[in-house]
Amino acid sequence: PMQGMGAPDEACPFEFNFDAATFKVGDTVSYRVTGSLDGFPFVGTLAEVHEDYVVIAPGDPDRLGDRYRGTRESRPVVQESELG
């Protein structure tokens, strides 16, 4: 869950990069997942950046070794099947 989305004067703890053109490894991104998780925002770090896709390391401490392939757009889309 994303925190800091409450009061307007409350600082968001993450600095997101929403500009797919400037994506680089280590950037924090907000990504989406298809299927039953559609609509929920997820936070991850870019592990790889390619011309037409990205690889995201999820921010979930239980899934630190996981890598998800996502679309290269301002809020990458990950297929639900990637979450395994």
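The following questions and answers explain the terms applied to this predicted model.

Q: What makes the pair D27 and K24 a salt bridge?
A: The closest N and O atoms of D27 and K24 are 2.8 Å apart. A salt bridge requires a side-chain nitrogen of Lys or Arg within 4 Å of a carboxyl oxygen of Asp or Glu. The pair therefore qualifies, since 2.8 Å lies within 4 Å.

Q: Why is D27 called buried?
A: D27 has a relative accessibility of 8%. Because buried means under 20%, D27 belongs in that class.

Q: Why are R32 and E73 said to form a salt bridge?
A: The N to O distance between the side chains of R32 and E73 is 3.4 Å. The cut-off is 4 Å, so this pair also counts as a salt bridge.

Q: What parts of the chain does the pair R32 and E73 tie together?
A: R32 lies in strand β1 (residues 28-33), whereas E73 is in the loop between β4 (68-71) and β5 (77-78). The pair therefore ties together parts that are 41 residues apart in sequence.

Q: How many salt bridges does a search of the whole structure find?
A: The search finds three salt bridges. In general, side chains of opposite charge can pair when their charged atoms come close.

Q: What makes up the secondary structure of the chain?
A: The chain has zero helices and five strands. Along the sequence, the pattern reads β-β-β-β-β.

Q: Where is D60, and why is D60 called partly exposed?
A: D60 is placed in the loop between β3 (53-58) and β4. Its relative accessible area is 33%, which falls between 20% and 50%, so D60 is partly exposed. The C-alpha atoms of D60 and F42 are separated by 8.9 Å, and the two residues are 18 residues apart along the chain.

Q: What share of the chain is buried?
A: Of the 84 residues in the chain, 31% are buried.

Methods:
Residues numbered from 1 in each chain as written. Predicted model: local features only at pLDDT ≥ 70, side-chain atom pairs only at ≥ 80, totals over all residues. Heavy atoms only, no water. Buried < 20%, exposed > 50% of the residue type's maximum accessible area, 1.4 Å probe, protein only. Helix = DSSP H or I, 4+ residues; strand = E, 2+ residues; numbered from the N terminus.
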